Amino acid sequence: MDENLIETLVNCLKGLSLAAFYNFLLAEVYKIMNRSRQNNHVMMQSMVFISVILAGAMMVIGNNLAVAFGLVGAVSIIRFRISVNSFLDMSFIFLSIVIGMACGLGFYYIATIIAIFTGIIMLAVYFSDFGRKAFKNCMELEISVAFSKADKNDVMKAVEEFGAGEMTFLEYKSKVDSIEVCFKTTCKDMSTVQALETSLKEKFPDENFSIEAVRV
């Protein structure tokens, strides 16, 4: 085998390995800073996948401006023509583009290494449950609080002051005889709903209200 080819393959493996290693570390930092969020293992895993794929893409592109524009064009078409809701789906689509470009440009060895190395990384991350263990005790709830006659601002303020985990307000519904506030929150168990009910009873002792919670 040609020495230049061996050097290229070694550099390829070195670049992919370093990209994976550094982003494993970065994913751990992300985990520490975002423990309260739901499904963050998906983001952690995707950080590793996408970094390895991008490293491979840069090896294929090199200094070729035409190839760079081709990659941007392909990604743009997918971005605006296909609705990709998952980071993992995006990773696989981007990987297939990079491998296809490498094969089309005649970088068969690099395409093979990118495919095998990234596939092994993906399987290792999947079967090791990387990131999932840190968030397995968290659940995301969609909670609706309906009052018969309370003021909207008072209800919103009471919910904000309760502040269980990370909260995201979804919508506010105003009806003739009631109001309803919907929000999402991340917590460890359903006791959060009971705590919210107790808190609202203390703040609105004369009001009739109901709480519905659905795990999402």
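## Exercises on a pocket and a helix pair

Helix H2 (40-61) contributes the most to the lining of the second largest pocket, namely four residues. Helices here are DSSP runs of H or I with at least four residues, numbered from the N terminus. This is a predicted model, where local features need pLDDT of at least 70 and side-chain atom pairs count only at pLDDT 80 or more, while totals for chains, interfaces and linings use all residues. Residues are numbered from 1 along each chain as its sequence is written, and side-chain values use heavy atoms, with hydrogens and water left out.

**Exercise 1.** Describe the lining of the second largest pocket.

*Solution.* Start with the number: eleven residues line this pocket, and Gln45, Phe49, Leu88, Met122 and Tyr126 lie nearest its centre. Next, look at the helices: H2, H4 (87-104) and H5 each supply at least two lining residues. Finally, the space in the pocket is about 170 Å³.

**Exercise 2.** How do H1 and H5 pack, and at what angle?

*Solution.* Let's begin with a general idea. Two packed helices are described by the angle between their axes and the distance between the axes. Helix H1 (residues 3-33) and helix H5 (residues 108-127) pack at about 25°, with axes 10 Å apart. H1 is therefore roughly parallel to H5 (angles under 35 degrees count as roughly parallel).

**Exercise 3.** Which residues of H1 meet H5?

*Solution.* Contact means heavy atoms within 4.5 Å. On the H1 side, the residues include Leu5, Leu9, Leu16 and Phe24. Their partners in H5 include Tyr109, Ile113, Phe117 and Val125.

How values were computed:
Axes fitted to C-alpha atoms, helices over the stretch in contact; angles between N-to-C directions. Parallel < 35°, antiparallel > 145°, perpendicular 65-115°, else oblique. 1 Å grid on protein atoms, 1.4 Å probe; cavity = no way out; pocket = protein on both sides within 12 Å on 5 of 7 lines; lining within 4 Å. Points joined across faces, edges and corners; volume = space filled by probe spheres on them.
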